Protein chains: 4
Amino acid sequence: MCRWLAYSGSPILIEELLYKPRYSLIDQSMHSRMGVETTNGDGVGVGWYGVDGPPEPTLFRGVGPAWGDVNLRELGRSISSSLFLAHIRASTGTAVQQTNCHPFRFGRWLWQHNGSIREFARLKRDLVLAVDPAFYPSIAGSTDSEVMFHLALTFGLEDDPVRAVERMAGFVESVARRHGVPDPLQMTVATTDGERLWAFRYSSQRESRSLFVNTAVSALRELYPDNENLHRLSDETRIVVSEPLGELPGAWQPVPESSWGIVVKGGDRLGPFRPLER
Amino acid sequence: MCRWLAYSGSPILIEELLYKPRYSLIDQSMHSRMGVETTNGDGVGVGWYGVDGPPEPTLFRGVGPAWGDVNLRELGRSISSSLFLAHIRASTGTAVQQTNCHPFRFGRWLWQHNGSIREFARLKRDLVLAVDPAFYPSIAGSTDSEVMFHLALTFGLEDDPVRAVERMAGFVESVARRHGVPDPLQMTVATTDGERLWAFRYSSQRESRSLFVNTAVSALRELYPDNENLHRLSDETRIVVSEPLGELPGAWQPVPESSWGIVVKGGDRLGPFRPLER
Amino acid sequence: MCRWLAYSGSPILIEELLYKPRYSLIDQSMHSRMGVETTNGDGVGVGWYGVDGPPEPTLFRGVGPAWGDVNLRELGRSISSSLFLAHIRASTGTAVQQTNCHPFRFGRWLWQHNGSIREFARLKRDLVLAVDPAFYPSIAGSTDSEVMFHLALTFGLEDDPVRAVERMAGFVESVARRHGVPDPLQMTVATTDGERLWAFRYSSQRESRSLFVNTAVSALRELYPDNENLHRLSDETRIVVSEPLGELPGAWQPVPESSWGIVVKGGDRLGPFRPLER
Amino acid sequence: MCRWLAYSGSPILIEELLYKPRYSLIDQSMHSRMGVETTNGDGVGVGWYGVDGPPEPTLFRGVGPAWGDVNLRELGRSISSSLFLAHIRASTGTAVQQTNCHPFRFGRWLWQHNGSIREFARLKRDLVLAVDPAFYPSIAGSTDSEVMFHLALTFGLEDDPVRAVERMAGFVESVARRHGVPDPLQMTVATTDGERLWAFRYSSQRESRSLFVNTAVSALRELYPDNENLHRLSDETRIVVSEPLGELPGAWQPVPESSWGIVVKGGDRLGPFRPLER
């Protein structure tokens, strides 16, 4: 399994979330407290949209453990972004290689995943066959996560992300059923087109991996008027993350089981996640 | 493109062929003289059958340039084998990663390839779909070479290697024709089950990459009675290689265009390679 | 800190100790139970003397986490040795790179270390200056461990290993004292010339990292007549290891605090370790 | 040997110089036309000062060949800088590892080098001993280039760069003389504090590696009024590079043998380089 973080808000140095918090994502690479594994040392990736950069996000992906990635530490200190995804990997069997590091990218879209498809090696062929030939050539690695992304693209991610991910989940479950694989899907997913950010928490057996979102910063500031960290964060800050980054009571809300959320200017939304078989 | 070497004979230290000759395979990684590229720096691999080891071959594969691979140099000095394949890679577009390094293995079989399938990204889906579901899960990387191996397995490599590779070539060419891709296949291939060694030289346009085999050692010894290197090689030595390892006149014979060869105890065989569309 | 293992006995496949035991060294790379860190993911190395190979040991060293090193797994299955060292690294600050992976080699000698020199960056210059110019050029990395090895070589490791290591420890402590660094040395060390194996357990504050040696196999066989694993081990088997490889009661003896041990044909020896300032 | 590039001018995407020119630095990593080796595949590095970033430069350094570094390609597309150094490495013997990749950094300073110190392994100890203990701990790798940087720091690089580098060269030559090593130094060097840029071309035997600087952009625009690339470059553009990036006649001037140059607002300067023995 893995751990991930998604940020949307005013421009912030990447290290502010990846390195500085007590239980930062990099800390979680060696000492995850809620993950299936305490160690997430099979690669790391960050995808960010530049403040003045190209419309497409930039990727940095390293195959070594996040805790020792010197380049990432350098970039964290110098790159600011108002929207970025970050991921640390614990392989569930597929190779440790850059093409298997999250986030994955297609055009302006990014995708990252914690979880797995049970018995993926057995189901993979049927899943891959369902990927639209237009998207197929962009599959570069060998993970279940990247296939899920391309299935979601096939099912309309760019037009209606919630529905596309629900169809992807329903399709995975139907293929698994056909192969006699029970409870196949376990996932928390973040995806974004550079403007909006979607998060999903779901598993076939309804015991999904942990996922949290920060409490509204304005409310936290009232609660902790002396906390300087909070004053550095803008009101519209949204951090979605596999595990809380710190221990400030009240700062983190669990994302409900089987749900989706959208972070967007003018009001976030939350809804129930229901796998669709068309 | 790439460069490769296949050895069959008495047990020999791997470095004798990978490092010591004037134009050794490692030398070719930086200074190939007959390759499409002078540099073959996108990974290296060796697969060997142990003298007393397990029946399955052992693989060592590194993602850095062969010339700088410290582990390979160490292994070359200490591992002897009477049958091994070695390969240096120059990527034709797919990622530089261990799962893309040759040789590839399935059970007791090894496979390595120099060449490419033209417009592989466009043809890949149709090619992969034809791989038998029993072999599909063992595709770990993203190269054309590994798909060719799994197609050959699908077409009966373990039973009749020449026919299986001919069917693979015919299938690739028929898929390419359907997509309007001319002259799709360029290949020199070595494959082995640990007892026999097959080599193939073929390209759709009949202008195949170079491939050579050593002249019979007994004949060479008569020609060069004072050459000590020749006295270290046994009579049954067969070295098949993309480029000659040295400049000894008469030592290397080009493998004919569009042909296959089998190295086996009791007499090698050579025949014409004809792509089969069943 | 790190974890290591040293084996002397009849030839054995390396994987028998690195992969197969319940708490194998590879398992310890992610789940060390007695180490300062549970994770030892900053590189791995094995140095072995071949059954028929060159007199110098062969090294394999990888910079990624041991648990994911595909080449090591391959070698483990095919290489047998009657004397080898293996090490998994948890960096105490110096770079994650091959030249910092243990074991280190000089001629026929291997050396591996768990522990550290406190404030090494501050003491390093004085320590390195004391290395004999004849040994200095063979320092290839940046670790305290490699400097300790070269100090021991300077102080006569090849002639009188126990005394040389005692002088090295005494020298480190005297340099530290001069710089006002208290309790500078923490070490368990294994070193070998390919025939004999020395192990050391020492720390300036007399609270050394854990170190164990297996109970005599003959005694264990009497205790556990039905245990098949024990019947695969020869009587002269010696395994020295940072943590027990399993939970068999009585199978592992702690090496005493501040001591050295020699594994040699005709009877092991044990003695008290006393840092020497000449 | 190696190849490098230094840029000072208006902010520019890094890829404009590293990837886009016909003979870009990345192209030179595989096809250097003037280097000692055609291949410079032993690592790559870029150090840049951010437009709004921290005063210290940011480093990205990769150990694989530059031509295949996916992260570098990503960064090249999204990072702009008005002052950066870039380097591709061809090892002259020391390990291929991140700590040996240029540029090297100390505080606000960057340093990169093409060339070598002859018989460095033999001279290294005496050279390193002369490094000021205050700078010694920041030596992280094992190259001659990094030692040269730390000697220059010791000799006052931060105060009087030209004089410091001249003293460094004189010191290297005097140590070499003592050891009987003739013509020890071969170097082109770029160094910068983030405001000014110094370049050096020197070798003990006065046959230094190639180094070029672009002709004044205003003059080139008059010469080539229709060349759009030239209109994207500002007047104060200075590109110092081991080999010309293209074939535009008149666009590149060789830096004279045994000279130094300073790029600084208000007028560049050039002078003769004379090794100093104090």
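Q: What rotation superposes chain C on chain D?
A: Keeping in mind that this is a predicted model, chain C is superposed on chain D by a rotation of 180 degrees, with 0.0 Å of shift along the axis and an RMSD of 0.0 Å. The two copies are therefore related as by a two-fold rotation axis.

Q: And which surface does each copy use?
A: The same surface serves both, since 100% of the contact residues of chain C recur in chain D.

Q: Which residue of chain C comes closest to the rotation axis?
A: That is C:Gln97, whose C-alpha lies at 3.2 Å from the axis.

Q: Switching to helices, how do H5 and H6 of chain C cross?
A: The axes of helix H5 (residues 144-154) and helix H6 (residues 161-179) of chain C come within 8 Å and cross at roughly 120 degrees, and H5(C) and H6(C) are therefore oblique to each other. The crossing of H5(C) and H6(C) is right-handed.

Q: Which residues make that contact?
A: H5(C) contributes C:Met148, C:Leu151 and C:Ala152, while H6(C) contributes C:Ala164, C:Val165, C:Met168, C:Phe171 and C:Val172. By class, the contact of H5(C) with H6(C) has 8 nonpolar residues, with no polar and no charged ones.

Q: Over in chain D, where does D:Gly156 lie?
A: D:Gly156 lies in the loop between helix H5 (144-154) and helix H6 (161-179) of chain D. Apart from neighbours within four places in sequence, D:Gly156 is in contact with D:Pro161 and D:Ala164.

Q: What separates D:Gly156 and D:Val217?
A: Their C-alpha atoms are separated by 33 Å, and D:Gly156 and D:Val217 are 61 residues apart along the chain.

How values were computed. Residues are numbered from 1 along each chain as its sequence is written. Chains are lettered from A and ligands numbered from 1 in the order in which they are written. This is a predicted model: local features need pLDDT of at least 70, side-chain atom pairs count only at pLDDT 80 or more; totals for chains, interfaces and linings use all residues. Side-chain values use heavy atoms; hydrogens and water are left out. Copies are superposed by least squares on the C-alpha atoms of residues with pLDDT of at least 70 in both. Contact means heavy atoms within 4.5 Å. Axes are lines fitted to C-alpha atoms, for helices over the stretch in contact, and angles run from 0 to 180 degrees between N-to-C directions. Helices (H or I, at least four residues) and strands (E, at least two) are DSSP runs, numbered from the N terminus. Angles under 35 degrees count as roughly parallel, over 145 as roughly antiparallel, 65 to 115 as roughly perpendicular and the rest as oblique. A crossing is left-handed if the near helix is turned anticlockwise from the far one by less than a right angle, and right-handed if clockwise. Ala, Val, Leu, Ile, Met, Phe, Trp, Tyr, Cys and Pro count as nonpolar, Asp, Glu, Lys and Arg as charged, and the others, Gly among them, as polar.
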